Amino acid sequence: MNILFIGDIVGNPGREAISFFLKELKDEYSIDITIANAENAAGGKGLTKEIAEELYAAGIEFITMGNHVWDQRTIMKYIDEETRLIRPANYPIGAPGKGYGMIRKSGRKVGVINLSGRVYLPPLEDPFSMSIRLVNEIAKETQIILVDIHAEATSEKIALGWFLDGKVTAVLGTHTHVQTADARLLEQGTAYITDVGMTGPRDSVLGVKKELIINRFITQMPVKFEIAPGPIQINAVMISVDDRSGKALQIVPIQKTAQGKK
C-alpha cells in the first residue's frame, strides 16, 4: 500500500495546489490512500464544511487538524458528524470531534491519529500517553497506523517518533510549514519526518505575505496576516507500507511547484 500525506494546506493557494498536483502525484506514486492536514485551509485559519467538501471532491480522503481547529466556529457541529475529519486527540474530554479515525478501502484498514504538541502551544493532555492508548485501541483492527503530530518543537516530535517506533507505521510532523530534510525509517520500521511542510503559496513566510512578516519583525508592531499570492507548492510524503506487518518500507519527501493565480 502507498499512502500520500500532504503537509498543511494554507488558504486558497493551498487548495489550488491540491487541484493542480494531486492527480499527478497519485498516478506517479501509485497512491492508494490520501490524507492531508487542513487546519489552515480556510484563509489560513481553520476549516469550514464547504472547504472540507471541496478537498474531499479533489481526492483527499481523510483530514487532520491542529491548533487552529476551532478558528472557524461552524466547524464544531460538522466535526462531530464527519468521520473523515479529526482534531488533536489530546484535547480534554468534552471537546467536539474525535482524535482518531479509520480509513477503509479495498478491504484494507488504516488508522489515523492526530496529536498536538505542548511546547509553545496550548497545554493539552500528554500526547505520549494518549498515543499509546489510541494505538492499543486501533491495533485491534489494523496494524497500519499513521500519527500526525502537530507541534512546534522539533525535539518533541523526534521524541514521539522514537517513542512510537515499531508501534505505528509513521509519525509525521506538521505545523511549522517548512519541510525538513530528515525523512527516514527508524530502527523498528516506523517512517518519520519532523515536518512534512506546507501546501500553499511558495514565495511567502509560512503562507503569509512576506512583506507583512518582515515589517512585523522590524517594527514589532501587530499586523493582519494575509495569504500570499504567486507561485504555489505542494509538500507531502509518500509512505510505502507492508500490509501485513504495518511496517513502513519507504518514505519519500515530495516538493512540487507551479505558477499560481495572481
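Tutor: On a 1 Å grid over the protein atoms alone, a pocket is an open set of points where a 1.4 Å probe fits, with protein on both sides within 12 Å along at least five of seven lines, and lining residues have an atom within 4 Å of a point. Grid points are joined across faces, edges and corners, and a volume is the space filled by probe spheres set on the points. The model is predicted, so local features need pLDDT of at least 70 and side-chain atom pairs count only at pLDDT 80 or more, whereas totals for chains, interfaces and linings use all residues. Residues are numbered from 1 along each chain as its sequence is written, and side-chain values use heavy atoms, with hydrogens and water left out.

Student: How much space lies in the largest pocket?

Tutor: The lining of this pocket is made of 23 residues, and those nearest its centre are His68, His177, Leu206, Val208 and Phe225. If Ala, Val, Leu, Ile, Met, Phe, Trp, Tyr, Cys and Pro count as nonpolar, Asp, Glu, Lys and Arg as charged, and the others, Gly among them, as polar, the lining divides into nine nonpolar, eight polar and six charged residues. The space in the largest pocket is about 580 Å³.

Student: Which element gives the largest share of the lining of the second largest pocket?

Tutor: Helices (H or I, at least four residues) and strands (E, at least two) are DSSP runs, numbered from the N terminus. Two or more lining residues come from each of helix 3 (75-81), strand 5 (100-105) and helix 4 (127-138). The largest share, four residues, belongs to strand 5.

Student: Is Val112 buried or exposed?

Tutor: Val112 belongs to strand 6 (residues 108-116), and, leaving out residues up to four places away in sequence, it touches Ile35, Phe62, Thr64, Ile86, Gly99, Tyr100, Gly101, Ile103 and Leu146, a contact being heavy atoms within 4.5 Å. Buried means under 20% relative accessible area, exposed over 50% and partly exposed in between, with a 1.4 Å probe and protein chains only. Because its relative accessible area is 1%, Val112 is buried.

Student: Why does Lys109 count as partly exposed?

Tutor: Lys109 also lies in strand 6, and among its contacts beyond four places in sequence are Met102, Glu141 and Ile144. Lys109 counts as partly exposed because its relative accessibility is 30%.

Student: What is the relative accessibility of Gly173?

Tutor: Gly173 lies in strand 8 (residues 170-174), and its contacts, apart from neighbours within four places in sequence, are Ile149, Lys157, Ile193, Thr194, Asp195 and Val196. Gly173 counts as buried because its relative accessibility is 0%.
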